[in-house]
Amino acid sequence: MTAAAMKSTAKRRLLLASDRHDQSRELARILANVAEVETVPTSGLPDSPAKDLAGVVVDINLRSAETVQHVRRKLLGAAYQPMPRLFVLADLMHHGVMQAWALGATDTIARPFDPDDILQRIRAALPSVDDDVDEAGARGKELSKGVAAAHLVMVKIFEKLPAGIPLTVEDVMAAESSILKAIKRTSLREWLSAVGSHHNASYRHCLAATGFVVAFAQYLGVREEDQRRLTRAALLHDVGKAFVPTAILNQTTALSAEQMVLFRRHPELGYEALTAQGGFPREVLEVVLHHHEMLDGSGYPNGMHGDQICDLVRIITLVDRFASFVEGRPGEPARNHEQAFAALEAMGDKLDQKLVQAFRPVVLGR
């Protein structure tokens, strides 16, 4: 057999740790498409992984305190830190995902299983030994396609909608697949680099916020439909800025009190515009209207607080604020990711700090 043929048939080794043998068989069969799979009980996780092990997948019952403690002791040890550690979760709401992250997860897999999604995640975590030499070019095309699709939505929001040309939810949904594929196939860094030089600040902000929220959703392992919901909400969250005077949006110094009053109308203006268009999901309208509300009641336009603010709004508020810190706001300098994340933490109970900490590895890599 030639070296090339050996390379094309080679597989990595994965360790699947599970106490749910009947439920993990399907997962093992899926993983076998890209790796040789060894299955052990969670109690059988070795103190140190074998040298030829490429990664570990843990199918864990988070309600079992004994199992949780055992997995934590193993996976948070230095020996496992260099390798991918994927957790299987039935509940991918952010609290379950954050618990997995606290146990040492680097990614999550949803149950019920989507084979294509699982294999994409495994390939992303473990670059295949038979990667095509044209992969870089394909990734570049995917990125360009995603950015172009998102840009088209921005044009419809900020140029055509104020001119009276209707915007529909189908216009936004048409871009979702390309955006999701672009960020999954490339990286958040490449997406931000591609959109960061855009001449229009409002476009740039919405495109950056969309990149952050998609990367966050993909890190959390939420189902594709939820990724689409978040993408839709991020693209549209600042639609109201299309009706704010350009001079205010482009001002680099701090806004006056009168200008701030006009600027703070953008959530209501966006809500009114999309409501008049019709056809937009209620949750998207809530994001548009409430993405400047704070959990402590200090936000606008309605001074909502606590449980009045849903998860979708909390996530968009977080990424919107982070993107603003990174870009710099009128009268404030731009910040690097470390400084921007510290600013999120400093906001205290204005934001959902559990979500903030779940966001940490997305933008800081740890």
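Predicted model: local features only at pLDDT ≥ 70, side-chain atom pairs only at ≥ 80, totals over all residues.
Start with the largest pocket. Its volume is about 1,600 Å³. The lining holds 50 residues, and D107, Q120, R121, A124 and K184 are the closest to the centre. By class, that lining has 19 nonpolar, twelve polar and 19 charged residues.

Which elements build it? At least two lining residues come from each of β5 (107–110), α5 (115–125), α6 (135–160), α7 (169–185), α9 (201–220), α10 (224–236) and α17 (353–364). The top contributor to this lining is α5, with eight residues.

Now, where does the largest pocket sit relative to the domains? Domain 1 covers 12–125 and domain 2 covers 135–364. Both give residues to the lining, so the pocket lies between them.

On to the second largest pocket. Here we have about 1,000 Å³ of space. Its lining counts 37 residues, and the closest to the centre are K241, F263, S324, R329 and P330. Two or more lining residues come from each of α9, α11 (246–249), α12 (257–263) and α15 (311–327).

How does this second lining divide into nonpolar, polar and charged? We get 14 nonpolar, 13 polar and ten charged residues.

Note on methods. Residues numbered from 1 in each chain as written. Heavy atoms only, no water. 1 Å grid on protein atoms, 1.4 Å probe; cavity = no way out; pocket = protein on both sides within 12 Å on 5 of 7 lines; lining within 4 Å. Points joined across faces, edges and corners; volume = space filled by probe spheres on them. Helix = DSSP H or I, 4+ residues; strand = E, 2+ residues; numbered from the N terminus. Nonpolar A, V, L, I, M, F, W, Y, C, P; charged D, E, K, R; others polar. Domains from an automatic or database assignment.
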